[in-house]
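Please have the structure open as you read.

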Amino acid sequence: MDARFPPSSTESPWLPFESRRRARDEKREAVLRAAVQLFLEQGYHRATLNDVAKRLNITKPALYNYFRGKDEILFECWSIGHELVDECIAETSAGVGSGLDKLRKLTIRYAELMTTDYGKSLVRFDLRDLSEHNRKTVQTAKRRIDRAFRDYIAAGIADGSVKPCDPKLAAFAIAGSLNWIGHWFQPGGELTGRAVAEEFAIRLTDGIAKGTTRKKADKPPRKGNASREDRSEHHTRTAAGAAGQSKRTRGRLR
């Protein structure tokens, strides 16, 4: 055997295509996670790509391997948030139950999403910072969310689980209250995200629920006494939902 050439069994120093793509996706997701945290902490305009690179311990030019600029990162954060909401709506619509049941289920899921970074990005950032095309895309996605709340309310009126009301105004009231969670909720506080979501779901739908008597609600679990399983389930669910987003097509948003 010619000693100049390694044996044929020697593994290639190049990673297989799928492994290279997975590594790139993971790095891209790391950039997004660091960026959305900085945007929320410092504000979109104050946070810079240098700040993002520093947090990741890489150089600023390295960021351009994954994104063309800060506005593209902002849009991707929005896209992930909207994709997670779309998944909540799809799961709720596919389930069984009255219009009120589905409204409460979506309210809980949406409220819980508002306690995560990508959920907060839906309500904390200014649409005017996006390009015109991306701004229209996000506005279309926002209309889908509003339509889902209205449709569940209208379905509840039709099946008798919701009192006669204006679905548009009721949807505005519910969604508006839920969006504010993204402004004031801080992790590590007195209440878990799940506890806040469940309490809001009851309070925001009780006024339009028909023919039901609210049971005395159990005191929402505080951060300190929420079970380990509940906390683990919440973090696992939200982390899994946000992971691997760069692998998914964004056809519903583009």
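How are helix 5 and helix 8 oriented to each other? In this predicted model, helix 5 (residues 99-113) and helix 8 (residues 167-184) pack with an angle of about 25 degrees between them and their axes 9 Å apart. Angles under 35 degrees count as roughly parallel, and helix 5 and helix 8 are therefore roughly parallel to each other. Their crossing is right-handed. On the helix 5 side, the contact is made by Leu-103, Thr-107, Tyr-110 and Ala-111, while helix 8 brings Ile-174, Leu-178, Asn-179 and Ile-181. By class, the residues of this contact are 6 nonpolar and 2 polar, with no charged ones.

From helix 4 the contact includes Gly-81, Leu-84, Val-85 and Cys-88, and from helix 5 it includes Lys-102, Lys-105, Leu-106 and Tyr-110. This contact divides into 7 nonpolar, 3 polar and 4 charged residues.

Now turn to helix 9 (residues 193-206). Its axis and that of helix 5 come within 8 Å and cross at roughly 140 degrees, in a right-handed crossing.

| Helices | Angle | Axis distance |
|---|---|---|
| Helix 5 and helix 8 | about 25 degrees | 9 Å apart |
| Helix 5 and helix 9 | roughly 140 degrees | within 8 Å |

Next come the aromatic rings. The whole structure holds 6 aromatic pairs. In one of them, the ring centres of Trp-184 and Phe-200 are 6.2 Å apart and the planes stand at 35 degrees, so this pair is tilted. With Trp-184 in helix 8 and Phe-200 in helix 9, the pair links distant parts of the chain, 16 residues apart.

Finally, a word on confidence. The average pLDDT of the chain is 81, and 74% of the residues score at least 70. Over residues 213-254, though, the pLDDT is below 50; this stretch has 68 contacts in the model beyond near neighbours in sequence. Where pLDDT is low, the predicted coordinates should not be read in detail.

Conventions. Residues numbered from 1 in each chain as written. Predicted model: local features only at pLDDT ≥ 70, side-chain atom pairs only at ≥ 80, totals over all residues. Heavy atoms only, no water. Axes fitted to C-alpha atoms, helices over the stretch in contact; angles between N-to-C directions. Helix = DSSP H or I, 4+ residues; strand = E, 2+ residues; numbered from the N terminus. Parallel < 35°, antiparallel > 145°, perpendicular 65-115°, else oblique. Left-handed = near helix turned anticlockwise from the far one by under 90°. Contact = heavy atoms within 4.5 Å. Nonpolar A, V, L, I, M, F, W, Y, C, P; charged D, E, K, R; others polar. pLDDT = per-residue confidence, 0-100. Phe/Tyr/Trp six-rings, centres within 6.5 Å; stacked < 30°, edge-to-face > 60°.
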